[in-house]
Amino acid sequence: MSQAQAAIPSQPRAKQLRACLLCSIIQTPADFRKHGCPNCEELMQMKGYPDRIGVCTTTHFDGIISVIDPETSWVARWQRTAKYVRGMYAVRVKGHIPEDVEAELESRGIKYRPRDQTDMD
Ligand SMILES: [Zn+2]
């Protein structure tokens, strides 16, 4: 028998990807422009607004994890992404959403937690 081979997906080109500062999902800038963030679009309203995407997502993130089944994945629980769509997520995201966006979230009763795992105040 010849050696079994699994298809190896081509490496995502990390430099071209952006992570959402709110939920840490990773997408291409084109996806953010076309669809917004699949988790936070209602709050962030990035769809079609490159400026908004520029301040609410970042290229500064570490580690990519794949969340296949958000309901059961231990990674999802660890990342507190249980309610999020399946996809690629960053382990750490550097940066902070703009203050006006944070104020907007607060007015809806949502407490923003930065994704850089520093929890500074
Ligand atoms: Zn998001």
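A residue is buried if 20 or more other C-beta atoms lie within 10 Å of its own. By this cut-off S24 counts as buried, because 25 C-beta neighbours lie inside 10 Å. S24 is found in the loop between β1 and β2. Its backbone also stands out in the list of angles: S24 is not a glycine, yet phi is positive, at about 70°. The structure described here is a predicted model.

The overall make-up of the protein chain was examined next. The secondary structure comes to 5 helices and 5 strands. From the N terminus on, the elements run β-β-α-α-α-β-β-α-β-α. The chain has 121 residues, and 25% of them count as buried. Contacts between residues at least 6 apart in sequence were also considered. Of these, 50% join residues at least 24 apart.

The protein chain averages a pLDDT of 81. A score of at least 70 is reached by 74% of the residues. Among the elements, β3 has the highest mean pLDDT, 96. Helix α4, residues 74-78, has the lowest, with a mean of 61. Where pLDDT is low, the predicted coordinates should not be read in detail.

Three of the strands belong to a sheet. This sheet is open, and its strand order is β2-β1-β3. The pairing is antiparallel. Strands of a sheet pair through backbone hydrogen bonds, either parallel or antiparallel. The edge strands are β2 (26-27) and β3 (57-58). Each of these edge strands pairs on one side only. β1 and β2 are joined in the antiparallel sense over 2 bridges. Across this pairing, R18 stands opposite Q27 in β2.

Q27 is buried, because 21 other C-beta atoms lie within 10 Å and the cut-off is 20 or more. Leaving aside residues up to four places away in sequence, Q27 touches L17, R18 and F32. Q27 and Y89 are 62 residues apart along the chain, but their C-alpha atoms are separated by 8.7 Å.

The largest nonpolar core holds 21 residues. Within this core, C20, I25, C37 and C56 touch the most other members. The elements that give two or more residues to the core are β1 (18-20), α3 (50-56) and β5 (87-93). The largest share comes from β5, with 3 residues. C20 illustrates the contacts made by one core member. Not counting residues up to four places away in sequence, C20 touches I25, C37, C40, C56 and T57.

Q45 is a residue other than glycine, and its phi is near 50°. Q45 is found in the loop between α2 (41-44) and α3. Q45 is partly exposed, because it has 15 other C-beta atoms within 10 Å. S24, by contrast, counts as buried.

Technical notes:
Residues numbered from 1 in each chain as written. Predicted model: local features only at pLDDT ≥ 70, side-chain atom pairs only at ≥ 80, totals over all residues. Helix = DSSP H or I, 4+ residues; strand = E, 2+ residues; numbered from the N terminus. Buried ≥ 20, exposed ≤ 12 C-beta atoms within 10 Å, placed from the backbone. Contact = placed C-beta atoms within 7 Å. Core = buried A, V, L, I, M, F, W, Y, C linked by C-beta atoms within 7 Å. Pairing = 2+ DSSP bridges. pLDDT = per-residue confidence, 0-100.
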